[in-house]
Amino acid sequence: MSHATVRNGVGPELSRWRRARRLSQLELAGLAGTTQRHLSFIESGRSQPGREIVIRLAESLGLSLRERNDLLTAAGYAPVFTESGLDETALRPVRAALDQILHGHLPYPALVVAPYGRVVAANDAIGVFTEGAAPELLEPPVNMLRLMLHPDGMAPRVRNLAEWGRHVIENLRARARRSPDPRLDDFVAELTGYVPQAPPGPEHLGFAVPMRLTCADGELRLITTLTSFATATDITLAELHLEAFLPADQPTADLLRTRATDPLPRTPATGPLGHPSAPGA
């Protein structure tokens, strides 16, 4: 690798990530088990880092698997983390386990979401979120975040939209600060335009409150749990999270159980929302 290639490759990327994490060269060097002098030489392009130190630096910076691959590529090394399709043999056992988890969460809604809110799979209870939504918002691949906050989606039925929507957006902004991405910035700007700009009220406690969602059968109060795959070594799996909704009170639990056993037809979910094993696009 030429000196010019080194200068235009891993050094600037490493410096950018270090600044994004608000770490000094001395702090990052200490975390990665190297010296500030060596790190300075890497960032300035005066030294070509070995593969091992690039991996240690990426880990110390808390980069995602995709970002670690990118840093290795910038340094002239082959990526080490695979990226499999959910329908490929490598992830088939994981996909079967996810489907089982989704089914086991019934009668409460649960879904598996990829980056930017793309729905990969969901259980049948997710239909409570699609009631009255515009058909274009239910076209695969469904974006759950857009469906939740869009005025033609769930937004008119979320009684505490300003507070709850602000919480959703702040979580995305925190992710954008941690992993800067112009596409994510644009998405946050879009979603922000859907949420009313209401100042926090006197009862605001600074943390998420249950989502208050009206449906054909009454009002639901739902809390959310998020599960990520922290030890995954496949990029696809590492970027997924399981979002499970739980009843915040007994009336909500009773209503969801009634919906699950009620033989009366309701508007079905479409695309991946209606089929737990259907892969997202």
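Predicted model: local features only at pLDDT ≥ 70, side-chain atom pairs only at ≥ 80, totals over all residues.
Positive phi values in residues other than glycine are found at Arg-22, where phi is near 60 degrees, and at Tyr-116, where phi is near 65 degrees. Arg-22 belongs to the loop between H2 and helix H3 (25-32) and counts as exposed because its relative accessibility is 76%. Tyr-116, in the loop between S1 and strand S2 (118-122), is buried, with a relative accessible area of 18%.

Helix H2 (residues 10-20) packs against helix H4 (residues 36-44) at an angle of about 120 degrees, the axes being 6 Å apart, and H2 is therefore oblique to H4. To this contact H2 contributes Val-10, Gly-11, Pro-12, Leu-14, Ser-15 and Arg-18, while H4 contributes Leu-39, Ile-42 and Glu-43; the residues comprise five nonpolar, two polar and two charged.

Among the strands, S3 (residues 211-215) and S4 (residues 218-228) run antiparallel and are joined by five bridges, forming a hairpin with two residues between them, in which Met-211 stands opposite Leu-222 of S4. S4 also pairs in the antiparallel sense with strand S5 (residues 241-247), over seven bridges, and here Leu-226 is opposite Glu-243 of S5.

How values were computed:
Residues numbered from 1 in each chain as written. Heavy atoms only, no water. Pairing = 2+ DSSP bridges. Helix = DSSP H or I, 4+ residues; strand = E, 2+ residues; numbered from the N terminus. Axes fitted to C-alpha atoms, helices over the stretch in contact; angles between N-to-C directions. Parallel < 35°, antiparallel > 145°, perpendicular 65-115°, else oblique. Contact = heavy atoms within 4.5 Å. Nonpolar A, V, L, I, M, F, W, Y, C, P; charged D, E, K, R; others polar. Buried < 20%, exposed > 50% of the residue type's maximum accessible area, 1.4 Å probe, protein only.
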